[in-house]
Amino acid sequence: MYVGVTWGTRAPAKSTSDRLSAGGNDRHTSAAMLSICARHTRGGIYLCNYLTTQRAGGPAPCHVSTSQPSLSKGHRDYSLPNASWSQNLQDLYNKYQELTKNGDWKRLPSYNTSVHHREGDPMDGERENRLFTRNLDKDGVGLEYCMFYNKAEKRMVCIFQPGPYLEGPPGFLHGGCTATMIDSTAGGGAVCTVGPVFTANLNIDYRNPILLGSTAIADSTVEKVDGRKVYTRCTVRGHDDKVVYAEATGLFIKSSNL
Ligand SMILES: CCCCCCCCCCCCCC(=O)SCCNC(=O)CCNC(=O)[C@H](O)C(C)(C)COP(=O)(O)OP(=O)(O)OC[C@H]1O[C@@H](n2cnc3c(N)ncnc32)[C@H](O)[C@@H]1OP(=O)(O)O
């Protein structure tokens with residue numbers, strides 16, 4: 001049973017994250033085990049199928065109240081706004097949701113376990129596995145995020161808000177979480193471009209620390225596909241593009257084992 005927020009409302013300013021983010025509301029995860037990532041990646045396949053079939057526009061924007069979250073086969077779609085989302089995250093969501101209307105951008109659904117991304121999984125509902133980025137039960141304490149994909153530009157954007165349970169330096173996001181968001185965003189873009197991949201190499205320059213509770217955007221592009229190798233570039237910025245948090249390149253290898 002879903003227990004949580006009232007959809008279509010916004011969180012009042014509160015908590016560690018809000019206190020920390022005086023200049024903007026923003027918050028985010030790292031290397032997952034191979035098996036998890038394999039399922040994660042297979043999830044990406046389904047996501048890509050989803051991208052080709054989803055109607056432009058997606059779900060109702062967050063300002064329209066609904067009594068239930070969006071569900072697929074009864075599973076909650078965690079990429080939809082909830083009460084823990086800051087105004088900045090909400091605004092970015094609305095902006096990209098608007099861009100989905102002409103079909104150039106698609107919102108990716110997000111479940112808390114990869115198997116929910118796959119249709120007809122015989123173990124669906126019997127595994128305890130949790131997606132690394134969706135492994136906390138309480139809204140807002142971990143990663144709140146939503147991805148949007150632009151097929152023509154081979155571009156994946158992930159708007160995210162890291163919560164107070166992801167602390168590295170006092171008050172700031174752990175760098176491994178930043179790496180996870182880069183890996184997931186660039187990897188998701190690679191999956192949507194060529195199909196299942198493994199991360200082979202990730203190089204990150206951390207430019208500025210990310211405040212817990214703030215809102216950031218990971219913006220990734222597939223720059224080149226050379227055989228099985230997929231070269232990506234990703235920048236993480238603040239919600240208003242004024243600050244660069246990290247710049248990264250990633251090499252993903254198309255796999256036939258996934
Ligand atoms: C949260 C978001 C949800 C939505 C999104 C869902 C999607 C999520 C997306 C998932 C994202 C998260 C995903 C994860 O987190 S995946 C988990 C982390 N990654 C791994 O565990 C991968 C471990 N490594 C391997 O399995 C193998 O080494 C791989 C499969 C990578 C390659 O072994 P394989 O035997 O298959 O291939 P190969 O060795 O013949 O190499 C092939 C070519 O590649 C070149 N090469 C290889 N390595 C490197 C390197 N390090 N730098 C530069 N080049 C390298 C190599 O020289 C060769 O080039 P060439 O000789 O052909 O020219």
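A search of the whole structure, which is a predicted model, turns up four aromatic pairs. Start by selecting Trp85 and Tyr93. Their ring centres are 5.5 Å apart and their planes meet at 80°, over the 60-degree cut-off, so this pair counts as edge-to-face. Buried or exposed, these two? Both Trp85 and Tyr93 are buried.

Together with Trp85, Tyr93, Tyr96 and Trp105, Phe148 makes up one aromatic cluster.

Move on to Tyr145 and bring up Arg134. Which face-on neighbour does Tyr145 have? Arg134 lies over the face of the Tyr145 ring, 3.6 Å from the ring centre.

Keep Tyr145 on screen and select Thr133. The side chains of Thr133 and Tyr145 are joined by a polar contact of 2.7 Å. To find your bearings, Thr133 belongs to the loop that runs between strand S3 (105-108) and strand S4 (143-150). Why does Thr133 count as buried? Its relative accessibility is 6%, and the cut-off for buried is under 20%, so Thr133 qualifies.

Last stop: pick Lys224 and Tyr231. The charged end of Lys224 sits over the Tyr231 ring, 4.9 Å from the centre of that ring.

Key. Residues numbered from 1 in each chain as written. Predicted model: local features only at pLDDT ≥ 70, side-chain atom pairs only at ≥ 80, totals over all residues. Heavy atoms only, no water. Phe/Tyr/Trp six-rings, centres within 6.5 Å; stacked < 30°, edge-to-face > 60°. Buried < 20%, exposed > 50% of the residue type's maximum accessible area, 1.4 Å probe, protein only. Lys NZ or Arg CZ within 6 Å of the ring centre and 35° of its normal. Helix = DSSP H or I, 4+ residues; strand = E, 2+ residues; numbered from the N terminus. Polar contact = N/O pair within 3.5 Å; in protein donor to acceptor, adjacent residues only side chain to side chain.
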